[in-house]
Amino acid sequence: MKKIFSIIVIASLLIFASSCQKKEGEVEVAPPSKGDIAPDFTLKQINGKAVSLADYKGKVVLVEFWATWCPPCKELAPILNEIHKRYKDKGLVILALVSEDEGEEAITSFIKEQGITYTVVLADQQTTRRYGISGIPASFVINKEGRVVNMHMGNTQGIMQELAVEIEGLL
């Protein structure tokens with residue numbers, strides 16, 4: 001019985017670990033490296049308002065790629081809410097990019113359920129490729145000059161403190 005339980009647990013962990021990865025056949029591009037200018041984008045919010053990364057030059061920006069179906073993304077939402085609350089008045093902007101394929105209803109519902117207070121925009125495939133996204137969540141910390149300072153891929157353990165230290169150092 002214990003052996004069967006162990007097999008089920010291991011299988012579940014493998015499925016969970018791969019659930020937030022790109023599907024087979026999707027083209028991967030390397031993410032921008034530390035020190036690179038962050039790839040610019042102009043995307044729309046659900047309400048249709050255009051948001052451009054270039055509009056936030058002179059501010060510290062956290063670009064976050066996520067999905068409504070991704071368990072680690074659900075864990076990350078309240079952490080980002082707390083970081084946004086703590087640093088928004090000091091010059092931090094959080095731009096959360098979710099695939100436009102998710103559907104307005106699912107995205108709106110997720111935003112309400114999670115109490116998201118930061119800006120959510122609909123990411124297109126071009127932007128996702130330009131950032132080299134192969135799994136989510138994926139975070140890019142961008143300094144006031146528009147350069148990538150750090151990236152956080154997948155793991156949400158301890159990210160609150162890491163992000164806080166990085167953001168405070170940039171503000």
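How many cavities of 30 Å³ or more does a search of the whole structure find? Some notes from going through the model.

1. The answer is one cavity of 30 Å³ or more. The largest cavity holds about 50 Å³ of space. Keep in mind that this is a predicted model.

2. On confidence, the chain has an average pLDDT of 84, and 82% of the residues come in at 70 or higher, that is, at least 70. The stretch to watch is residues 2-27, where pLDDT stays under 50. For that stretch the model has 17 contacts beyond four places in sequence. Where pLDDT is low, the predicted coordinates should not be read in detail.

3. The largest cavity is lined by Glu64, Trp66, Cys73, Leu76, Ala77, Leu80, Phe110, Ile116 and Tyr118. Two or more of the lining residues come from each of β3 (60-66) and α2 (71-87). Helix α2 gives the largest share, with four residues.

4. Glu64 is among the residues in the lining, if you want to click through them.

5. Next, the strands. β4 (residues 92-99) and β5 (residues 119-123) pair in the parallel sense, over five bridges. Within this pairing, valine 98 stands opposite leucine 122 in β5. From β4 the chain crosses through helix α3 (residues 104-114) to β5, and this β-α-β crossover is right-handed.

Technical notes
Residues numbered from 1 in each chain as written. Predicted model: local features only at pLDDT ≥ 70, side-chain atom pairs only at ≥ 80, totals over all residues. Heavy atoms only, no water. pLDDT = per-residue confidence, 0-100. Contact = heavy atoms within 4.5 Å. 1 Å grid on protein atoms, 1.4 Å probe; cavity = no way out; pocket = protein on both sides within 12 Å on 5 of 7 lines; lining within 4 Å. Points joined across faces, edges and corners; volume = space filled by probe spheres on them. Pairing = 2+ DSSP bridges. Right-handed = clockwise from strand over helix to strand, strands pointing away.
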